[in-house]
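This briefing concerns a ligand site and a few points of backbone geometry. Please look over the sequence and the structure before reading on.

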Amino acid sequence: MKINNIPTRTIRPVAETRAVDVIDQTALPHAYRTQRLSSLEDAAHAIRSMQVRGAPLIGVTAAYGVALALARKDDEGTLSAAIATLAATRPTAVNLRWALARMQSHLAAVPVGARANAAWQEASAIAEEDVDQCRRIGDHGLDLLRPLAARRGRLDLMTHCNAGWLATVDFGTALAPIYAAFDAGIDVRVWVSETRPRNQGLLTAWELKQHGVPHTLIADNATGLLLSRGEVDAVIVGADRIAANADVANKVGTYLKALAAREAGVPFYVAAPRSTIDFTCPDGNAIPIEERSGDELRVIPGVDNSGHPGAIRQFPADEAVANPAFDVTPARLVSTIITERGSCPATPDGLLKLYPEESHA
Ligand code: MRU
């Protein structure tokens, strides 16, 4: 995708050194800046502090984090310590564990001493695959969106959080079909929910604007009204973990949108790559839900009228606050899951038909 018309990716290897540059998403949408990650600690901090965020991008960053650790010291202890450090950064998005497991099993076949290069190549392969998978999600999603657009000669979609290219290496998951529809000439408009408390909707608005996709930001609480008024043709979101029974964990607030969409008879699509599907997790009850700091509700970052960054305290420090960062949408509320291999009903069989290699008799 493009920033100021220049093609870019969210994570980019730096030439002639072992480092990657990422977009610091904590500065967006007010400022665009990059952050260089040169060590395991840099990578772990970037994930923990949400400089990088979004399930697929967290996984890719973790893979590079392993490679950065081995670039400093290639031994067994460094590898296992790096994996443990990165695994502890964020609990819900399974792409993190998926990427670490893949790095671990790939490196197990490589002798100590040759693992630094092998790790770098494997992390790069994971990044490239993510790009390819997201592009395919866009194509498969477009197949679903075309008939909806044909009905009215335009397409009004709603999304939540940021499941765009900022949340992946490129293209995005939920936003990939939207970009594909826009690029195919469909008159598409997007309702972007703010996504309190961290306001990832502002990231979605920012990237849609970069691509020229018409969109309107709404408060999270406006969702029900717009759906009930018939102003939405489909809701499309990403996922942080899809359980084997097709329950979907995604940014908190997703479940309420699914309920409202069901009540309004509007399709509710979930777009995610293989790395988001956890076939070892039986159902949504088994998905760990991240609890984040109450200060994300108490204190709002932004810029003042002169553009200077700052923060406003909404609530006193001693105000009791709960901040679960994700919720679980039961499979029965999901119309279709869109993956890089195609679309399927949100059922265990649907997932296994797309990924038959996961059927263990
Ligand atoms: O807490 P975040 O910003 O990492 O959460 C991200 C989301 O919930 C996204 O919607 C999800 O990861 C899908 S990303 C393609």
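How do the residues of the shell around the ligand divide into nonpolar, polar and charged? In this predicted model, the shell comprises eight nonpolar, six polar and four charged residues. The ligand is surrounded by 18 residues, of which Arg-53, Arg-90, Gln-200, Asp-240 and Lys-251 are the closest.

**Contacts with the ligand**

**Setting of the site**
- The ligand sits in the largest cavity, and the elements that give two or more residues to the shell around it are α2 (55–72) and β11 (248–251).
- Domain 1 (2–129) and domain 2 (138–358) each supply at least three residues to the shell around the ligand.

**Backbone geometry**
- Leu-28 and Pro-29 are joined by a cis peptide bond with omega of about 0 degrees, and Pro-29 belongs to the loop between β4 (20–23) and β5 (34–37).
- A cis peptide bond with omega of about 5 degrees joins Arg-196 to Pro-197, the latter being found in the loop between β7 (188–193) and α7 (200–211).
- Asn-4, although not a glycine, has a positive phi of about 50 degrees, and Asn-4 is placed in the loop between β1 (2–3) and β2 (6–7).

Technical notes:
Residues numbered from 1 in each chain as written. Predicted model: local features only at pLDDT ≥ 70, side-chain atom pairs only at ≥ 80, totals over all residues. Heavy atoms only, no water. Near = heavy atom within 4 Å. 1 Å grid on protein atoms, 1.4 Å probe; cavity = no way out; pocket = protein on both sides within 12 Å on 5 of 7 lines; lining within 4 Å. Sits in = over half its atoms within 2 Å of the grid points. Helix = DSSP H or I, 4+ residues; strand = E, 2+ residues; numbered from the N terminus. Nonpolar A, V, L, I, M, F, W, Y, C, P; charged D, E, K, R; others polar. Domains from an automatic or database assignment.
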